[in-house]
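Please keep the sequence and the 3D view open while reading.

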Amino acid sequence: MSKRLVEFTDIGIEFDGRILLNKINMTISEGEIVTLIGPNGSGKSTLIRTLLGLQSATSGRVLRHEGLRIGYMPQKLHVDPTLPLTVKHFLALVRGVDKKAIEPTLDKLGIAHLLNSQVHVLSGGETQRVLLARALLNKPNLLVLDEPVQGVDVNGQVELYNLIESIRDELGCGVLMVSHDLHLVMAKTDTVVCINQHVCCSGTPQHVTGHPAYQALFGVPGADESIAIYAHQHDHVHDDHGGILSDQDAHAHCHH
Ligand SMILES: Nc1ncnc2c1ncn2[C@@H]1O[C@H](COP(=O)(O)OP(=O)(O)OP(=O)(O)O)[C@@H](O)[C@H]1O
């Protein structure tokens, strides 16, 4: 079994009596791509901030296994547009960075030609790759990507997901990403965790897209062919180990 990198146990977060996260249980292992989905305001970024240590939990615990090195890719790059800053200098700001690794990393991501470009003139897709390069320069065994394909066109999204998968294959790192895309991302994910303050359902993409809790939030995959690319038909429910449950057990499982 792959080594576990992070374990969330019964994570709860409350602000002024309002529950933002409730009893979240989740693990991420080496070599595993975990995608966090959920509606706006469901607590995805809050959970990521908890993992990064930027937010403390009101209850439960986050276990970070020894040797964990996180490479974090934020949603957006915030740079003052009046400040001249090249990609090279931006990446040289990474703490403890090996400057010799900058060019090969950009090359790996197909953006070696941007080395001396100003960061504020980059396109959406280029910016995402520079942010991914910055995360990789941390030599992570866990990549945490907050909406990595934001502002990227559909072809670019496919390319970025392919890139993330090949990085996982090459480094053997774990990947935790937040996504609003419910279709393209599914093909590149080992485990989907659907949250809405609590974990609504989790498991393989096939399991989750067939789950009543997922369908209640996002609709039935394939119901609208004009928007649905992912059209998996799922007329049964799995247990946590992938076995198929009987109708009676499935009913109990979904409620659980
Ligand atoms: N520090 C805080 N204090 C009070 N409320 C907060 C705090 N941080 C987040 N929230 C609230 O928690 C809820 C969840 O926010 P969060 O950003 O985690 O959602 P999200 O799932 O990432 O949403 P989106 O998909 O829109 O990015 C929101 O209603 C937000 O207003």
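**Notes on the predicted model**

1. In this predicted model, Glu14 has Ile19 as its bridge partner, and Ile19 lies in β2. The two strands to look at here are β1, residues 4-15, and β2; they pair in the antiparallel sense over eight bridges.

2. These strands belong to an open sheet of three strands, ordered β2-β1-β4, with antiparallel pairing. The edges are taken by β2 (18-29) and β4 (59-64); each has a single partner strand, so one side of each is left without a neighbour in the sheet. On average, neighbouring strands of this sheet are turned by 15° against each other, direction ignored. As background, strands of a sheet pair through backbone hydrogen bonds, either parallel or antiparallel.

3. Which residues are around the ligand? They are Phe15, Leu20, Gly38, Asn40, Gly41, Ser42, Gly43, Lys44, Ser45 and Thr46. Helix α1 (residues 44-52) supplies the largest share of this shell, three residues. Sorted by class, the shell has seven polar residues, two nonpolar and one charged.

4. The chain is divided into two parts: domain 1 covers 4-69 + 140-245, and domain 2 covers 79-138. Their contact takes eight residues from domain 2 and 10 residues from domain 1.

5. On the side of domain 1 that touches domain 2, helix α5 (residues 154-171) gives the most, with three residues. By class, that side of domain 1 has seven nonpolar residues, two polar and one charged.

Definitions and conventions
Residues are numbered from 1 along each chain as its sequence is written. This is a predicted model: local features need pLDDT of at least 70, side-chain atom pairs count only at pLDDT 80 or more; totals for chains, interfaces and linings use all residues. Domain bounds come from an automatic or database domain assignment. Two residues are in contact if their C-beta atoms, placed from the backbone, lie within 7 Å. Helices (H or I, at least four residues) and strands (E, at least two) are DSSP runs, numbered from the N terminus. Ala, Val, Leu, Ile, Met, Phe, Trp, Tyr, Cys and Pro count as nonpolar, Asp, Glu, Lys and Arg as charged, and the others, Gly among them, as polar. A residue is near a molecule or strand if its C-beta atom, placed from the backbone, lies within 6 Å of it. Two strands pair if DSSP finds at least two bridges between them. Axes are lines fitted to C-alpha atoms, for helices over the stretch in contact, and angles run from 0 to 180 degrees between N-to-C directions.
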